[in-house]
Amino acid sequence: MNKFHFPHPLVLIVGFIMLAALLSYVLPAGEFTRHLDAVTGRQVVVAGSYHAVPATPVGPLEVLVDVPKGLADAAAVVFLIFLAGGAFTVVDQTGALRFGVDWLLRRAHGREVLVIPLVGTLFATMGALENMGEEIIPLVPVLLVLMRRLGYPVLTAVAASVGAAFVGASFSPINPFQVGIAQKLAQLPLLSGGAYRMGFLVVAVSFWLWATTRHAVRHRQAPDLHLDENEAAADAAATNSRSGLVLLLMLAAFAVFAYGVVQLHWEFEQMSALFLGLGIVAGLVGGRGLTGTAEGFIAGFRDIAFSALLIGFARAIFVVLEQGHIVDTIVHGLAEPLGHLPVALAALGMMGVQTLLHVPVPSGSGQATLTMPLLVPLSDILGLSRQVTVLAFQYGAGLCELITPTNGTLMAMLAATGVRFEQWIKFAAPLWAALFALGAVAVVVGIAVGV
């Protein structure tokens, strides 16, 4: 009997685009009135303002047009992935990555298993600090070299990077794109409830890293130490001091990146410029020359192209839903029944609603601006703490990132590493269920202690 295989990632996402178009014929069109929120600077919905609008079903030709529209909407992210992917390919061709990995493994000899929680903690921290996601995709060459040398399966590269980042972002006390926006919209002090969230963040990240390490150890194979001609050349280059200098440049770029994102509130354009500069300088310092550096960028563009374009295709799902005027219909239909439930059940229902909504609305900040103005007045009527309402949003929407095929970042990462979606789901779905249960406990306990 043949095992079931999910369709190719591109086929899967195109299927969701077609489903969104079909729903525009089935669901009634409607929308909320919106106004500019002075605190967040975003357009937010007015509670109780949902009303029907003329139907605008999305036809086949319009679906095709919405794909390039989605690519255009995601252009800043797509170009970040292209430029960063090119830069890291140049760095890889200098031999610096192999030099760095070998240096790390020599010092971790006999304790290689500690590399996974160390890497995972780094990405979880960045997820908690700045909602790191798409920026990880260009790091695939680094992660694959590391896992190959350790003998761990490539799935470990996904779990220890974007997986850990998603968990960190979901339970974060300070993530500006999730809890920050949600608290502003709920008129709560920023960082309020931080200590409560931090306790559950530690538990959630520890559990994820334990499960990732356990899976990696169970499926470990003999480390891949085979050197082909290119690797042999890279290994020779790694003995050169140039490789160490390139590695230092890369680490300095990461430090600048973290500072720029967290302190200077960089947009994707500034991030892209940083990686472009890193690639150029690394290529020249690493002895690749102008032509070699240019060829490295081109090779990186080629290797990362599919993963980058998946981000735009995934964005097209939401473009179709918006064009069909059914996003607000879906939100209204899911949120309306919550007002008839007891307080605890309503809070858990909010978690479920936020999870379901994250499939068609795979943007954390976008979902916050869409749902919080609706659920906050509802929570006030029910006597539910606004802080708990924010928790329900965080855990419901954030954790959904781990399993939804409409998450362009996840699908792009899987495509870049060659991990099939069903392989990822087999690993991640049970962990998602456990983390969702942990989030539910946090919500219920939050109600009990009056967080």
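Visitor: Which residues do ring pairs link into a cluster?

Guide: In this predicted model, the cluster consists of Phe88, Phe254, Phe257 and Phe275, joined by ring pairs. The count for the protein chain comes to 13 aromatic pairs.

Visitor: Why is the pair of Phe82 and Phe301 called edge-to-face?

Guide: Two values are needed, because a pair of aromatic rings is described by the distance of the centres and the angle of the planes. The ring centres of Phe82 and Phe301 lie 6.1 Å apart, and a pair requires centres within 6.5 Å. Their planes stand at 80 degrees; over 60 counts as edge-to-face, so the pair is edge-to-face.

Visitor: What makes this pair a tie between parts apart in sequence?

Guide: Phe82 belongs to helix 3 (residues 75-93) and Phe301 to helix 13 (residues 289-323), so the pair ties together parts that are 219 residues apart in sequence.

Visitor: Is Phe82 buried or exposed?

Guide: Its relative accessible area is 18%, and buried means under 20%, so Phe82 is buried. Phe301 has 28%, which falls between 20% and 50%, so Phe301 counts as partly exposed.

Visitor: Why is the pair of Trp424 and Phe427 called tilted?

Guide: The centres are 5.6 Å apart and the planes are at 50 degrees. Stacked needs under 30 degrees and edge-to-face over 60, so this pair is tilted. Both residues sit in helix 19 (residues 421-449), three residues apart, about one turn of the helix. Trp424 and Phe427 are both buried.

Visitor: How do you know that the radius of gyration agrees with a compact globule?

Guide: For 451 residues, a compact globule would have a value near 22 Å; the protein chain has 23 Å, so the two agree.

Note on methods:
Residues numbered from 1 in each chain as written. Predicted model: local features only at pLDDT ≥ 70, side-chain atom pairs only at ≥ 80, totals over all residues. Heavy atoms only, no water. Rg over C-alpha atoms; globule rule 2.2 N^0.38 Å. Phe/Tyr/Trp six-rings, centres within 6.5 Å; stacked < 30°, edge-to-face > 60°. Helix = DSSP H or I, 4+ residues; strand = E, 2+ residues; numbered from the N terminus. Buried < 20%, exposed > 50% of the residue type's maximum accessible area, 1.4 Å probe, protein only.
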